[in-house]
Amino acid sequence: WTHIIGLSAVAGIGFTVSLFVAGLAFVDPQQIELAKVGIFIGSFISGVLGAVILSRARKKVSTSTPSS
């Protein structure tokens, strides 16, 4: 389950559609720029969170495997 949660967090990086929608939704260039900054910050947080979760999941798997 930890891998699924980590992958879900990494999936939040897909921001190209959000950038397109922000360009269509706002007329004011300042609002468009603020939306882009928010989208990039959210994508960065998503990537970092996913990387942390997946790295912890990898450590759990490698330390819990029985040695032969």
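1. In sequence order the pattern reads α-α-α.

2. Basis of the values. This is a predicted model, in which local features need pLDDT of at least 70, side-chain atom pairs count only at pLDDT 80 or more, and totals for chains, interfaces and linings use all residues. Residues are numbered from 1 along each chain as its sequence is written, and side-chain values use heavy atoms, with hydrogens and water left out.

3. Burial and surface. Of the 68 residues in the chain, 18% are buried. Here buried means under 20% relative accessible area, exposed means over 50%, and partly exposed lies in between (1.4 Å probe, protein chains only). The chain exposes about 5300 Å², and carbon and sulfur atoms supply 71% of that area. Areas come from the Shrake-Rupley method with a 1.4 Å probe; for residues, only the protein chains shown count as cover.

4. Contacts along the sequence. Take the contacts between residues at least 6 apart in sequence: 73% of them join residues at least 24 apart. A contact means heavy atoms within 4.5 Å.

5. The salt bridge. The structure holds 1 salt bridge. Lys36 pairs with Glu33, and their closest N and O atoms are 4.0 Å apart. The criterion is a side-chain nitrogen of Lys or Arg within 4 Å of a carboxyl oxygen of Asp or Glu. Both residues belong to helix α3 (residues 29-64); they are 3 residues apart, so about one helical turn separates them. Lys36 is partly exposed at 30% relative accessible area. Glu33 is also partly exposed, at 45%.

6. A nonpolar patch. Val37, Ile41, Phe44, Ile45, Val48 and Val52 make a nonpolar surface patch of about 550 Å². Patch residues have over 30% relative accessible area and no salt bridge; like charges are joined within 9 Å, and nonpolar side chains (Val, Leu, Ile, Met, Phe, Trp, Tyr) within 5 Å. One of the members, Val48, is found in helix α3. Val48 is partly exposed, with a relative accessible area of 38%.

7. A buried serine. Ser43 also sits in helix α3. Its relative accessible area is 8%, so Ser43 counts as buried. What does Ser43 touch, leaving aside neighbours within four places in sequence? Its contacts are Gly12, Ile13 and Phe15.

Conventions. Helix = DSSP H or I, 4+ residues; strand = E, 2+ residues; numbered from the N terminus.
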